[in-house]
Amino acid sequence: MRFPLHNAPLWAEALSDVGASIGFSALALEVARTGEALWVGFFAALGYLTLGPLLFLSPWVERQGLARALLELRLARGLLFLPLPFLPREAALLVFYAYPLMVLTDLAIVAWEGLLVRRGRDRLAERSGKLYAAWEVGGLVGVGLGPTLFALHPALPYLLAAGILLLAWALLRPALTGEKGEREEATRPEALGRSLRRLLAHAPLRPYLLLSLLFTLAHALTTALLGLLALRAGTPEALFGLVFALQSLGYTLGSYFAGRVPPALAFRLGPLGASLGGMGFLLPFPLLLAAPPLLGLGVALLSTHLRAVRGWLLPKEGLAPSLAAIRALLYGAGALGGLGAGVLGKGNPTLPLLLGTLGFLVLLPFALGPLHPRRLEALRQEEAE
């Protein structure tokens, strides 16, 4: 079966994330403008609250067939942006309306990751890296455009977001519906509990799940207070956005080129780069500008290769529920790290950063065991047979 991730889907996904980021950044601005701290904080935490729908709707994704479900999810997200200009500008209503948009976004990620695993486990690092790089580029462009368009007219970012999302859906559709065998991809529905038990009982996967959780916790601790640390280091407010643009550039480049970096190097250089990049935020401005892209590069290398290893080892049945369960576990670790950083950073905001960078370095010894290249190649060969 021909793999769907050639140039057209990549461009479609980059365009899709431009549209979604325009809409979400405008929504974040609108909620912030209300001055209601409760709802601003709730909006920031919404992403972690998609865990329940992810787990309970992932069997539907599997039952529909991954490609068909992906197209339906992308279409629904585009259409849901259309009513936004006509809703009352109440913080609570805008936050609750954003929730299904986030659920649709995360379910589509599950469908995409399932397609990548099902149609080519042998090149997962390269293919998933390019897909995530496309999303990162689209998000970077869209986040900058959303508030600007809102300043021109409050309805403009939402209508433009819907138009871009529907255009991206139209570009993606031929790549996913024109393949033979797609109808056979749909599977019988399976109980969520059975899929979760299969995932947790799959012994070869367990150490890599634990390493992924450690990585996610370290990343959350490291990055939760970076904005505060950047300002404390003397970064001018006018250049505050540049810090995170450079970090996104690192994520993009690291994801795109991860497939060209052997796992042996990725699991040695990634923790070092992420740790040094995080520590670089303790430098004064402008020296700290070298830190964000290095942090992004290290994190992208690690996350892409960990994602690939998990993909090699995933049970072939109940793929979408398994991926949703992994995403839920990682979100839980991220939420714990973010909350922990907020508590620990009250007295000293550098403490979470130091713990997070130490967490990256803790991954290094595992390069001698479960992350050793011979061990990884043996696992890949076993799963390919």
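Visitor: Where does L172 lie, and how should I read a helix label here?
Guide: Helices (H or I, at least four residues) and strands (E, at least two) are DSSP runs, numbered from the N terminus. L172 lies in helix α7, which covers residues 156–177. This is a predicted model, in which local features need pLDDT of at least 70, side-chain atom pairs count only at pLDDT 80 or more, and totals for chains, interfaces and linings use all residues. Residues are numbered from 1 along each chain as its sequence is written, and side-chain values use heavy atoms, with hydrogens and water left out.

Visitor: Is L172 buried or exposed?
Guide: Buried means under 20% relative accessible area, exposed means over 50%, and partly exposed is in between (1.4 Å probe, protein chains only). L172 has 1% relative accessibility, so L172 counts as buried.

Visitor: Which residues is L172 in contact with?
Guide: Contact means heavy atoms within 4.5 Å. Setting aside neighbours within four places in sequence, L172 is in contact with P9, A12, E13, L70, L71, R74 and W112.

Visitor: What about T304, buried or exposed?
Guide: T304 belongs to helix α14 (residues 291–313), and because its relative accessibility is 0%, T304 counts as buried. Not counting residues up to four places away in sequence, T304 touches A125, S128, G129, S255 and A258.

Visitor: How do I read a pair of packed helices?
Guide: Two packed helices are described by the angle between their axes and the distance between the axes. Axes are lines fitted to C-alpha atoms, for helices over the stretch in contact, and angles run from 0 to 180 degrees between N-to-C directions. Take α5 (residues 91–118) and α15 (residues 319–344), which pack at an angle of about 125°, with their axes 9 Å apart. That angle makes α5 oblique to α15; angles under 35 degrees count as roughly parallel, over 145 as roughly antiparallel, 65 to 115 as roughly perpendicular and the rest as oblique.

Visitor: Which residues of α5 and α15 meet?
Guide: From α5 come D106, I109, V110, E113, G114, V117 and R118, and they meet L319, A320, L323, A324, R327 and Y331 of α15. The residues of this contact divide into 8 nonpolar, 1 polar and 4 charged. In this scheme, Ala, Val, Leu, Ile, Met, Phe, Trp, Tyr, Cys and Pro count as nonpolar, Asp, Glu, Lys and Arg as charged, and the others, Gly among them, as polar.

Visitor: At what angle do α13 and α14 pack?
Guide: α13 and α14 pack at an angle of about 145°, their axes 7 Å apart. The residues of the contact of α13 with α14 divide into 14 nonpolar, 6 polar and no charged. The loop between α13 (263–279) and α14 holds P286, which a cis peptide bond joins to F285, with omega about 10°.

Visitor: How many helices and strands does the protein have?
Guide: Its secondary structure comes to 17 helices and 0 strands. Buried residues make up 52% of the 385 residues, and the C-alpha trace spans about 55 × 50 × 35 Å along its principal axes.
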